[in-house]
Amino acid sequence: MEETSREAVATAVQRVAGMLQRSDQLDKVEQYRRREARKKASVEARLKAAIQSQLDGVRTGLTQLHTALLDVKDIQSSLANVSKDWRQSINTIENLKDVKDAVVQHSQLAAAVENLKNIFSVPEIVMETQQLTEQGELLQAHRKLMELECSRDDLMYEQYRMDSKNTSDMNLISIYFEDVQRLSDELAKQLWMVLQRSMVTVRRDPTMLVSVVRIIEREEKLDRRMVDRKKQTGFIPPGRPKHWKDKMFQVLEGTVSTRIEGTQAVTREADKMWLVRLLEITRKYVLDDLIVVKNLMVQCFPPHYNTFNRFFSLYHSAVSTRVKELALEDLEANEIVSLLTWVLNTYKSVEMMGHSDLCSEFDINQLEPLLPQEVVDDLLSKYVKTFTSNITGWLRKALETDKKDWLKETEPEADQDGYYQTTLPAIVFQMFEQNLQVAAQIDGDFKEQVLKLCLKQMNSFLMRYREEVVAYKEEHLRDRQLPQCYIQYMIAIVNNCQTFKESINSLKRKYSQSLDPFDSDAAIERTLGEVVKEGCQFLLDEVFLDLESHLNELLTRKWLAGSHAVDTICVTVEDYFNDFNKVKKPFNQDMTNEALRRVVVEYLKAVMQKRITFKNADERKEGAERMIKEAEQVKFLFKKLAAGEDTDRLCGSITAIAEVFKLTDPTLLFLEVTTLVSKYPDIREDHIQALLTVRGDASREMRQMIIGTLSENKVSYSGTTQPIFKDITVPTITTTMTSMTSMATAKLLK
């Protein structure tokens, strides 16, 4: 207490010190004293009130404890009196056992008397119930059945209460009421029959379906009541619980399954479109039935049955089971696509489960997939395998058909621009287009996969195509008279490659969302290029086979005497290129340039082969002028054929060599040769040697001087233009003799 007082004094000193820190605050001492006095009075008043409240609470508690003590003493006294009375009445209770038995017996007899009328009328009620059931009066039949079951169950219950171990009396009751169970089973059969035909019944007579549901609901209530009584007494009547509600749902589930399974009207043997028909019938049945459920059947069942959702799930499960069975069958490629398209697209579309009449009642996104993903993947894999096998066979058959066309005696068809073509590209890409359209119905990823597969097969097909084109050319060379339209069909083959390329690009634009190149793009581009290059080469080979004898006349004595070889060459080339106009651009332009190059090279080869050696200046002049004239003739022809910009340079090589031959002053020969080398830096020393040999008047010293000087001041070839002399070989003496012998032999044989 003293310590508390000291703390209070110390606190007061602190507060006073805080109030009187300045001299002017001394004038307010009286004001501070009054304020503190008010605070003290307020605190004391609150303390007194609190203490008074606590004292009142303690007083009330003591009063209640005293009252409770008195009550406990009264209860203790009453319990003692009850215990004393109970001990005194034990003997009396034991003496009332006979009375108790009599009461039980009286109760049983009263129940028997109460049910006596029903007991005697059991055969009559059984007959009435049987008739009502057969007449379809199910509600009345069930009411009669309930009367019979109630009489039987009450008797059995009383017997059970009296003597639960007396089975003979129980059996007697059961035998007497044995027709009740039979009637219950027959009524149940009628109920299940109505439920099995519920889709028809709800349209024709919905009251019948309502009656069935009411009967089942009554039985459910009786089941619950009997189960509850069993928990209390241990007794439950025979046949309970019936579980008719569970059985009803089983029947409905079986009805839906039967409905779905019964949609297959035909087999593959009878109709190749059997699966499409089956799926369409299934779609129609499911949609129609669910609309009936929503609009009619829901009104026949209690709301807590959640009827629409239940039927929705039942149909989904039945359809899922059916499509799983279909997926296990040995389906063909088109059937796999039909099934997957239906499962992945049609099923949840507005044409079926997503229909406007259904989607408001059920969220289709909550449905499990009809087919597990692994089954879908297996079907897609099977389709790809089958499609690969089929497309290989189709392409092989298409190529065989096209090969037969190559042997026809009539020209191939021309497109709207007049270019020759065959039906092969149209057939091939029609097959691809059809399969890609089918794949697009499944999903985008599978469409991309099929497109890649088509392009891969296309590459393999083009390789076989190239092999067949080469074989076609080789077969023609055995007898150039056959086939009659070899040129025209080879042109069509070249044009087909352009069509193939355009069609491939069209497919990729239409069916691919990816901008990245495909793995097979480079191989296809390369193979197409090779087929085009070889096809154009084969066409030019055909030209130069006809020109061979005329090319062999160039720069010979016969040529110098006035041969018309170049005239014939030009006429022949122009005639062929009238046909080559049916080659598509840019291939026809490339062929024109290549033909010009080959004519010039063959002309230069004739010079380098030293078929003639000019004997004097007159021959050199005549030969040179003839070469210049023929160069102009060739240049005129190919400019007429719209050759490229290199025409002047190629034909100019012949003119440049002619200038070397035409030169009359040998001392200027080095200057002329130097000019030739500067224009055509790919010309070699052996070429200069051959030119000087053909000229016929260059001494050995002059040749060595010219060659030596050119070697020292050799002009490097920049490679900016295509070389002309690079692939022209100069035959040695042995080669020349062999060639001359061969030519002489050929002439003799001719």
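Helices here are DSSP runs of H or I with at least four residues, numbered from the N terminus. What you're looking at is a predicted model, where local features need pLDDT of at least 70, side-chain atom pairs count only at pLDDT 80 or more, and totals for chains, interfaces and linings use all residues. Residues are numbered from 1 along each chain as its sequence is written, and side-chain values use heavy atoms, with hydrogens and water left out.

**Aromatic pairs**
- Rings of Phe, Tyr and Trp (its six-membered ring) pair up if their centres lie within 6.5 Å; planes under 30 degrees apart are stacked, over 60 edge-to-face, and the rest tilted.
- That rule gives 19 aromatic pairs.
- Take Y383 and F387: with centres 5.9 Å apart and planes at 10 degrees, they're stacked.
- Both sit in helix α15 (residues 373–406), four residues apart, or about one turn of the helix.
- W406 and Y472 make a tilted pair, 5.0 Å centre to centre with 45 degrees between the planes.
- W406 is in α15 and Y472 in α17 (residues 444–478), so this pair ties together parts 66 residues apart in sequence.

**Around Y305**
- Y305 is in the loop between α11 (274–295) and α12 (307–328).
- Its side chain makes a 2.4 Å polar contact with that of E217 (N or O atoms within 3.5 Å, one able to donate a hydrogen and the other to accept it; residues adjacent in sequence count only if both atoms are side-chain atoms).

Key
Helix = DSSP H or I, 4+ residues; strand = E, 2+ residues; numbered from the N terminus.
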